[in-house]
Amino acid sequence: MKDLSEFDVKGRRVLVRADLNVPLDGDVITDDGRIRASVPTIRELADKGARVVVCAHLGRPKGEPNPQYSLAPVAKRLGELLDAEVVFAIDVVGESAQSAVKALQDGQVALLENLRFEPGEESKDDALRAAFAEKLAVLAEVYVGDGFGAVHRKHASVYDVPLLLPHAAGRLVVAEVEVLKKLTDDLARPYAVVLGGAKVSDKLGVIGNLLTKVDRLLIGGGMAYTFLAAQGYEVGQSLLQKDQLDQVRGFLNEAAKRGVELVLPVDVLAATEFAEDAEYEVVDATAIPADRQGLDIGPRSRELFASKLADARTVFWNGPMGVFEFEAFSGGTRAVAEALVQSEAFTVVGGGDSAAAVRKLGLPEDGFSHISTGGGASLEYLEGKTLPGLVALEA
Ligand SMILES: Nc1ncnc2c1ncn2[C@@H]1O[C@H](COP(=O)(O)OP(=O)(O)OP(=O)(O)O)[C@@H](O)[C@H]1O
Ligand SMILES: O=C(O)[C@H](O)COP(=O)(O)O
């Protein structure tokens, strides 16, 4: 990948694809980690006199404008972190974007509205994506790929635009790849991977390959219920990926065959509803009442997971163990995070919400070897998949 210092950017329009997909409560950013992580590249370009055009996505608005997913609060926060004005375009490639870019002076920064307001961004139709990519590409003369959390997506701004413009990798992408490489090369064993979170269908896909690499796989969070259901247990109203039950049964067999220890929760906090103040009880993971949903792993599972992490020498963790945003259901995530902080292993946490959880729970960031901005992206990297955003930067 080309380094961005290989380009003379002074006076040139540089399109930076960042991952600014931060958690929001209304229009309040609850964790600005991904914005902070994007600052070094943007600042370096601005300091060198580039006219910096930042583009990014937020949430999954499905190809049409939706004020709930506007990047406006992110533009404000980015400006505060840069200590400079960030001009916000209220569309992606329309009049507002074009005039904002045209008006940029050397060293100034603009942020375009959410890329996913445009149907071309995520389209599986190559021609539609290419047409949108053209519109983005004309806004700039150079492309810098720095949205590590999105490099696993074959989206216009990640994959097609760098093929149209001279391109370089940003500082964040370079740093992330450097650390994650250590987890694919010569790693110290036992190697444990902890998976949780809510993007169950996305992340179940990586398990097949992970089983060829890890010694232990711990499954918590929203992921766990499809595994429990695959073993024939009732999971009530918990997150469940019904169409992937057969696939999960295959993983259970494969793990047994390969001697990979697959660790599932033995108890869960079963709540009456998805709410901060929901009533709940601790139940065996094999006996979740039909009208309840598991919102966190239970106390015995916390101990079990911590014990399985205690002697690991390499640990990768993606996805909270429960709905950590609700105090009552944050215990499992805290237990795993604390186990990693106490461990002497090489520990990597990946994912927007996982990293946010570490900070929200007040754990020291330097208690981990690396906190990655990528969840799905780092998992797919570890799985050995070729990632479209990296392929494009290497071209
Ligand atoms: N049992 C559960 N039921 C419902 N939601 C859950 C459960 N456990 C965890 N979650 C939710 O999972 C979300 C995080 O999942 P996600 O897969 O997006 O992780 P991530 O670390 O952000 O990774 P990525 O960067 O790929 O998005 C949190 O908002 C959390 O509340
Ligand atoms: O949160 C993430 O993992 C990245 O920003 C990618 O988002 P996505 O899973 O909605 O593509």
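Okay, let's start at Arg171, which is found in helix 7, residues 171-182. Before I go on, please keep in mind that this is a predicted model. So what does Arg171 touch, not counting residues up to four places away in sequence? The list is Pro40, Thr41, Glu44 and Asp146. Is Arg171 buried or exposed? Arg171 is buried, because it has 21 other C-beta atoms within 10 Å, and the cut-off for buried is 20 or more. For a sense of scale, take Leu304, which is 133 residues from Arg171 along the chain: the two C-alpha atoms are separated by 38 Å.

Now let's zoom out to the domains. The protein is divided into domain 1, residues 4-174, and domain 2, residues 184-383. Their centres, taken over C-alpha atoms, are 31 Å apart. Where they touch, domain 1 puts in 15 residues and domain 2 puts in 12 residues. On the domain 1 side, helix 1 gives the most, with three residues. By class, that side of domain 1 has seven nonpolar, five polar and three charged residues.

Helix 1 brings me to Arg34, which lies in that helix, residues 33-47. Arg34 counts as buried because 25 other C-beta atoms are within 10 Å. Leaving aside neighbours within four places in sequence, Arg34 is in contact with Asp19, Leu20, Asn21 and Val22, and also with Gly149, Gly352 and Thr373.

Leu20 is on that list, so let's follow it. Where does Leu20 lie? Leu20 is in the loop between strand 1, residues 13-17, and strand 2, residues 24-25. With 26 other C-beta atoms within 10 Å, Leu20 is buried too. Its contacts, again leaving aside neighbours within four places in sequence, are Arg34, Ile35, Ser38, Ala56, Leu58, Leu71 and Val74.

Both of these residues turn up in the UniProt record. In an unreviewed entry, the annotation "binding site" covers Asp19, Leu20, Asn21, Arg34, His57, Leu58, Gly59, Arg60, Arg116 and Arg153.

Some of those names come back around ligand 2. Which residues surround ligand 2? They are Asp19, Asn21, Arg60, Gly149, Ala150, Arg153, Gly352, Gly375 and Gly376. That shell divides into one nonpolar, five polar and three charged residues. Each of domain 1 and domain 2 supplies at least three residues to the ligand 2 shell.

On to ligand 1. It has 23 residues around it, and Gly197, Ala198, Gly351, Asp353 and Gly375 come nearest. Two elements give two or more residues to this shell: strand 14, residues 293-297, and helix 14, residues 352-360. Which element gives the most to the shell around ligand 1? That's helix 14, with three residues.

Asp353 sits in helix 14, and Asp353 counts as buried because it has 25 C-beta neighbours inside 10 Å. Not counting residues up to four places away in sequence, Asp353 touches Pro23, Gly197 and Pro320. Ser354 lies in helix 14 as well. Why does Ser354 count as buried? Because it has 26 C-beta neighbours inside 10 Å. Leaving aside neighbours within four places in sequence, Ser354 is in contact with Trp317, Asn318, Gly319, Pro320, Val349 and Gly375.

Last stop, the nonpolar core. The largest one has 125 residues, and Val14, Leu15, Val16, Val53, Val54, Leu111 and Leu136 touch the most other members. Helix 10, residues 224-230, gives the most to this core, with six residues. Each of domain 1 and domain 2 contributes at least three residues to the core. For a closer look, pick Val54: not counting residues up to four places away in sequence, Val54 touches Val16, Ala18, Ile42, Val109, Ala110 and Leu111.

How values were computed. Residues are numbered from 1 along each chain as its sequence is written. Chains are lettered from A and ligands numbered from 1 in the order in which they are written. This is a predicted model: local features need pLDDT of at least 70, side-chain atom pairs count only at pLDDT 80 or more; totals for chains, interfaces and linings use all residues. A residue is near a molecule or strand if its C-beta atom, placed from the backbone, lies within 6 Å of it. Helices (H or I, at least four residues) and strands (E, at least two) are DSSP runs, numbered from the N terminus. UniProt positions are given in the numbering used here, feature names are shortened, and annotations may be inferred rather than shown by experiment. A residue is buried if 20 or more other C-beta atoms lie within 10 Å of its own, exposed if 12 or fewer, and partly exposed in between; C-beta atoms are placed from the backbone. Two residues are in contact if their C-beta atoms, placed from the backbone, lie within 7 Å. Domain bounds come from an automatic or database domain assignment. Ala, Val, Leu, Ile, Met, Phe, Trp, Tyr, Cys and Pro count as nonpolar, Asp, Glu, Lys and Arg as charged, and the others, Gly among them, as polar. A nonpolar core is a set of buried Ala, Val, Leu, Ile, Met, Phe, Trp, Tyr and Cys residues joined through C-beta atoms within 7 Å.
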